[in-house]
Amino acid sequence: MSQQPPTDFWAKDLVEGRDLRELTTLNLGPTHPATHGIFQNVLTLDGEIILDAQQTIGYIHRAFEKLAERRPFYQITTLTDRMNYCSAPINNMGWHMTVEKLLNIELPKRVQYMRVIVMELARIADHIICNTIIGQDVGATTPFLYVYQWREKIYEVYEEICGARLTTNMGRIGGWERNWSDAAWAKIKAIVKDLPAGLKEFDNMLLRNRIFMDRTIGCGPISGERALAYGFTGPNLRAAGVDYDVRVADPYSSYDEFDFIIPVGTNGDTYDRFTVRQEEMRQSLSIIRQAMEKLDKMSDKTTFRGEVPEWVLPPKEEVYSAMEPLIWHFKIVMGETDVPVGEVYHCVEGGNGELGFYLVSDGGRAPFRLHLRRPCYIYYQAFPEMIKGSMLSDAIITMSSMNVIAGELDA
Amino acid sequence: MPGFLIKAERDQRVKERISAAFAEKVTAIEQERDLLCIHVKKEALHDLLRTLKEELGFHFLTTCCGMHFPDEAQDFGLVYHLHDMRAGHRIRVKCRTTANDLEFKTATDLWPTANWMEREAWDFFGIRFKGHPNLKRILNMEDFPAFPLRKDYPLEDPTRQDKDDRFFGR
């Protein structure tokens, strides 16, 4: 099925200058159960071979960049949640770090390691969603049902940390809103202990499954060169054989202290994207384990934010009983804290690529301009090129393996 | 450019190469925090991007976005972030223009990925790109009557008295 037809297969079938093909126009989307989000693709088909695709996006555009121009910095976190909602904590942390870069705040190591742990948990959750859905789209429902319990357990950790599950609004500029509870640590420990077995089970179901391999190898391929030209980042770029990872290229939040491997693929096809994500989940687990060890070695078990009272809300009981916390509370809520004039670009390795924030501050309470580099907005434009000449059913799994998230695409 | 050079040296080499090749067409090269930023005149923008890509190794286009500065003489702008992944080197390119001269040369011939970035700049700022293969609105609907990221486009009901720039420190 995934075998590509010969290159002249879909060329014009001319007899006496007349094209004898019967072309069909097919609307894939806007709402289609196989696109996992609202995208429209108008496909031109010759039989079941795709000749052309016209994409329409923007169905859930919410003008985040405009909204951000009228919001204090700490209120923009909630906008970032809603971009790649499969790994919202990475977006939150990315935004906090962008503002901290603007303000020149350096956070204590403990806070940075906690951020690393939650970002890697989010990456695992993101990859679980994407990879199980590839399985779902080729007809293997079992992994989706088996492995999703781990995503659920990760969401329980989010709940312990911040109270929310999907759109987390987690952490604050300058640290965390509170120290993590014992229950949160216990749940993380349980995940680190038990998830390897879960991933093994996932591998057993799909990785060397003949049907799955036949279906995905050679499906929706892209070369490393084309992928770079199209601005691919993240697992999709690594599947095409380019070992670019923001965590290594531009380390943030102490990622340079961790030892991990960047998995790369060779063909840039659906199978490679799947396997790269599988391995990344194991690497993320290893990073979490290392971070836990580093935290265990620290005598400090209570620091959960930097020394930046002008950005982190003080505990409520102190606000009611002491003068200084009251002043800081008032100043934060009213946005009275001075922000330097300047521009920063900060990027983090999101669930599906380089998530960048270009923040221009004119000293006001809200950004003068905030541009969001959403990885899937940038690489989704390669989709027509990747599916041209393939079967309709291959287009579906190519899209699911690209991890295109509607919320991030449309911002 | 060899990857082992430290960042300051790489910046210096870019600076020398660009100021030699473009002379007065590059209005300023300055350090903005951690990134080197090149301010270029509009007519030389495309040549500069080509030089940066083909000679200086900035092979990856990270972002391209529009800007609007209503209070300045040159009130529109474009900002590019380029990246040389082999050397781990990023650079920023800025270009400014006025409202009655809003057509840039497209960068889609250098990077196919510029396609949607430029469509976004058209959609939100009304910046046109000459030679773009398909310059249509992308996130807003086709017949949207305005360019919404321009500063004069009101975010909220403009008759409201309780939310204006005073409350946002401006």
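B:Phe125 touches B:Gly66, B:His68, B:Phe76, B:Phe147, B:Leu149 and B:Arg150, leaving aside neighbours within four places in sequence; contact means C-beta atoms, placed from the backbone, within 7 Å. This is a predicted model: local features need pLDDT of at least 70, side-chain atom pairs count only at pLDDT 80 or more, and totals for chains, interfaces and linings use all residues. Residues are numbered from 1 along each chain as its sequence is written, while chains are lettered from A and ligands numbered from 1 in the order written.

**B:Phe125**
- B:Phe125 counts as buried because 20 C-beta neighbours lie inside 10 Å (buried: 20 or more other C-beta atoms within 10 Å, placed from the backbone; exposed: 12 or fewer; partly exposed: in between).
- B:His68 is 57 residues away from B:Phe125 in sequence, but 7.5 Å away C-alpha to C-alpha.
- B:Phe125 belongs to helix α3 of chain B, residues 114-125 (helices are DSSP runs of H or I, at least four residues; strands are runs of E, at least two; both numbered from the N terminus).

**The sheet**
- Chain B has an open sheet of 5 strands, ordered β1-β2-β5-β4-β3, with mixed pairing (strands pair if DSSP finds at least two bridges between them).
- Its edge strands are β1 (26-32) and β3 (60-68), each pairing on one side only.
- β3(B) pairs with β4(B), residues 76-84, in the antiparallel sense over 8 bridges.
- B:Cys65 has B:Val79 in β4(B) as its bridge partner.

**Helices on the sheet**
- α3(B) lies across β3 and β4 of chain B, at about 5 degrees to β3(B) (axes are lines fitted to C-alpha atoms, for helices over the stretch in contact; angles run from 0 to 180 degrees between N-to-C directions).
- Helix α2(B), residues 45-54, lies across β2 (35-40), β4 and β5 (89-97) of chain B, at about 175 degrees to β5(B).

Methods:
Contact = placed C-beta atoms within 7 Å.
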